[in-house]
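Here are some notes for a colleague who is meeting this structure for the first time. Please read them with the sequence and the model side by side.

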Amino acid sequence: MSGFSQTLKNIVSSLSSGQNTRFFSHDESRFGLLPIHRRRITFKGVKPVSYYQHKFKSYYLYGTVEPKTGEHFFFEFSSLDTVCFGVYLDELSRAYKDSFNIILLDRATFHRSKSLRIPNNIALIFLPPYSHQLNPIERVWESIKGDIANEHYEDIDSLKDRVSSIVCSYSDSKFSSLTSYSYFINAVNDVFQ
């Protein structure tokens, strides 16, 4: 990922000296009433029983995590589009107004839309095409979905409450341990040495 490191250096060199700079990983994930099924341990010869429902209501959780510190910012939206992403960036910009925020994310169409207005204290760095697995925040989604796997929710509000309680229960150190990919941390450290 030397290209990633070089892109970081180019962005940081264009900033005024002494400006506080932070590096984040961002992505969105869909959470819905259709149950997530995972393997279960049972006695030999006993098939696990799992509840299934055909309810397709869902919502999206937009999330940004700083892998070095585990600091995080999440927001719920009803859809996945440029308008919602723009609102999210504005909220993130306000939450971290005292720093310049560099965000690593995938190449989703709405992330690169010409109508998207990016706040002055945010820069976006895009992953190579078809390489979402390099995005550190993917492990956060995997962990949260593992926590709700094989569970059943009658309505979207109870699902939102459960996901919110999981996110709130994760400490900064848990977020950091999930997202601190070595390539990301090494590239960030390389920029400041």
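1. In this predicted model, Asn150 is found in the loop between α3 and α4 (156-169), where helices (H or I, at least four residues) and strands (E, at least two) are DSSP runs, numbered from the N terminus. Phi of Asn150 is positive, near 65 degrees, although the residue is not a glycine. Asn150 counts as partly exposed because its relative accessibility is 21%, given that buried means under 20% relative accessible area, exposed over 50%, and partly exposed in between (1.4 Å probe, protein chains only).

2. Tyr130, which lies in the loop between β5 (122-126) and α3 (138-148), is likewise not a glycine and has a positive phi of about 55 degrees. Tyr130 counts as exposed because its relative accessibility is 82%. Most residues other than glycine have a negative phi.

3. Strand β2 (residues 58-65) is mostly covered, with 7 of its 8 residues buried. It pairs with strand β1 (residues 21-32) in the antiparallel sense over 8 bridges, pairing being called when DSSP finds at least two bridges between two strands. On the other partner, strand β3 (residues 72-77), β2 is joined by 6 bridges, again antiparallel.

4. Leu61 in β2 stands opposite Ser29, and Leu61 also stands opposite Glu76 in β3. The hairpin formed by β2 and β3 has 6 residues between the strands, and Gly70 in the turn has a positive phi of about 85 degrees.

5. On conventions, residues are numbered from 1 along each chain as its sequence is written. Local features need pLDDT of at least 70, side-chain atom pairs count only at pLDDT 80 or more, and totals for chains, interfaces and linings use all residues, while side-chain values use heavy atoms, with hydrogens and water left out.
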